[in-house]
Amino acid sequence: MEKLSNKRLKAGMIVAKDIKTKQGQTIAKAGTVLNAQLIAKLSFYRIAEVYVDEKLPDIQDATKEVELVEEDESIPEPPAPPEPPKSEPVKESKKRNETIAYSERLKATPEFQEFSLNYSKNIAALKKSFDQIIAGEGDKIDSNNMLLEAETLFSSRTSLDLFDMLHNMRTVDDTVYAHSVNVALVSRAIGKWLKMRKGELNLLTLAGLLHDIGKTQVPEEILNKTGKLTDEEYDMIHRHPEMGLELLEKVPGIDPEILSVAYQHHERFDGSGYPEHLPGEQINDMAAIVAIADVYDAMTASRSYRAPKSAFQVIAAFENDGLNKYNPKYILTFLQNIANAYQNNRVILSDGVSARIIYINQGKLSRPMVQLDSGTVIDLSRQPDLEITKCL
């Protein structure tokens with residue numbers, strides 16, 4: 001008999017002593033043959049060590065079903081991990097190419113090509129509207145057409161489909177217009193998760209489309225500068241909410257909510273934002289939603305000096321630094337829905353190995369449980385040296 005940590009457990013080992021939770025609930029009796037599902041369950045219940053027999057069972061015993069004790073229904077059951085693949089283990093070089101292969105397959109689909117075409121139309125229409133507003137011709141913009149174009153991109157897609165499409169539209173030189181379309185769509189997704197009414201969703205989407213118009217007044221060489229900004233350049237970028245407000249105020253009949261979003265989307269719940277360092281209760285609700293979408297899109301974008309961050313790396317950034325900076329109701333709704341959208345999705349870990357998400361840890365959304373192609377289950381909440389770098 002030997003006492004092993006969870007990390008050393010392997011399918012086929014025999015449990016030597018009954019396994020129980022801290023509350024005394026029996027998970028498996030002595031003599032049970034471990035499999036991937038049971039090992040995942042041990043991690044779920046945070047059972048760190050298990051007594052196993054030193055001698056592995058013979059082949060006939062190992063194929064027997066695991067004898068599990070019927071459990072109290074009040075204790076949550078983690079989802080069963082998928083069966084390990086029966087093919088030969090994938091070579092490391094092939095694993096590293098999974099991201100490229102997946103992206104190429106997606107871009108070859110009719111659905112993506114249709115999305116790409118509509119996406120380009122959205123950007124062109126938004127640029128035309130921006131130009132009209134800047135020229136003092138705000139009375140000529142067609143807000144209904146802008147909304148219709150955005151709804152075409154959004155409609156009939158799951159959350160994962162939408163975010164997947166947006167991620168694969170990315171280029172290193174994403175424009176203000178592409179960013180604004182992305183923010184509008186992500187904001188609309190948040191609004192739907194919050195169960196907003198249709199009229200509110202439309203207003204939120206329009207506000208997302210127009211929120212960054214002030215950046216058109218900042219020289220591109222400053223917006224795209226990779227080195228350290230001078231004080232003057234920093235101040236100019238920080239003035240874009242004010243410049244956006246000045247432009248939009250000239251649009252006849254514009255909704256005050258849109259003006260608030262343009263001016264306040266860099267304010268933060270803890271008062272650390274700009275331009276006025278407003279505390280949470282003074283920040284417009286739609287501005288608070290667009291602020292989250294704005295940061296998410298910026299962090300998942302490609303930059304000349306860094307690769308785009310994965311959804312789980314962005315969630316980790318919010319968990320580590322941002323939860324107090326955003327409206328709790330909105331940020332928690334956003335993070336939970338983003339993480340849950342990737343349940344059962346394939347991912348690449350920071351060590352280059354591919355895996356599948358089998359359980360979202362609600363207490364640490366950025367670090368779910370994953371199953372490697374070998375069948376090994378890893379709880380990333382207990383593996384600080386590993387993270388998800390790409391979602392496939």
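Predicted model: local features only at pLDDT ≥ 70, side-chain atom pairs only at ≥ 80, totals over all residues.
Residues are numbered from 1 along each chain as its sequence is written, and side-chain values use heavy atoms, with hydrogens and water left out.

**The protein as a whole**

There are 16 helices and nine strands in the protein; these are DSSP runs numbered from the N terminus, with helices being H or I of at least four residues and strands E of at least two. Of its 392 residues, 49% count as buried, where buried means under 20% relative accessible area, exposed over 50% and partly exposed in between, with a 1.4 Å probe and protein chains only. The accessible surface is about 19,900 Å², and carbon and sulfur atoms hold 49% of that area; the areas come from the Shrake-Rupley method with a 1.4 Å probe, and for residues only the protein chains shown count as cover. Among contacts with a separation of 6 or more, 66% link residues 24 or more positions apart, a contact being heavy atoms within 4.5 Å.

Two packed helices are described by the angle between their axes and the distance between the axes. Here the axes are lines fitted to C-alpha atoms over the stretch in contact, and angles run from 0 to 180 degrees between N-to-C directions.

| Helix pair | Crossing angle | Axis distance |
|---|---|---|
| α5 (110–134) and α8 (176–193) | roughly 110° | within 9 Å |
| α6 (143–154) and α8 | about 70° | 10 Å |

The axes of α5 and α8 cross at roughly 110°, which makes α5 roughly perpendicular to α8. Angles of 65 to 115 degrees count as roughly perpendicular, under 35 as roughly parallel, over 145 as roughly antiparallel and the rest as oblique. Residues of α5 including Tyr119, Ile123 and Phe130 meet residues of α8 including Val176, Tyr177 and Val181. The residues of this contact divide into eight nonpolar, three polar and two charged. In this grouping Ala, Val, Leu, Ile, Met, Phe, Trp, Tyr, Cys and Pro are nonpolar, Asp, Glu, Lys and Arg are charged, and the others, Gly among them, are polar.

For α6 and α8, the angle is about 70°, so α6 is roughly perpendicular to α8. This crossing is right-handed. Ala150, Glu151, Leu153 and Phe154 of α6 touch Val181, Leu185, Arg188, Ala189 and Lys192 of α8. Six of the residues in this contact are nonpolar, none polar and three charged.

**Backbone details in loops**

Lys195, in the loop between α8 and α9 (198–210), has a positive phi near 60° without being a glycine. Its relative accessible area of 74% makes Lys195 exposed. Asn344, another residue that is not a glycine, has a positive phi of about 70° and lies in the loop between α16 (328–341) and β5 (346–349). Asn344 is partly exposed, at 43% relative accessible area. A cis peptide bond connects Tyr274 and Pro275, with omega about 15°; Pro275 sits in the loop between α13 (256–264) and α14 (285–299).

**A residue in α14**

Ala288 belongs to helix α14 and counts as buried, at 12% relative accessibility. Neighbours within four places in sequence aside, Ala288 is in contact with Ile283, Asn327 and Tyr330.

Methods: Left-handed = near helix turned anticlockwise from the far one by under 90°.
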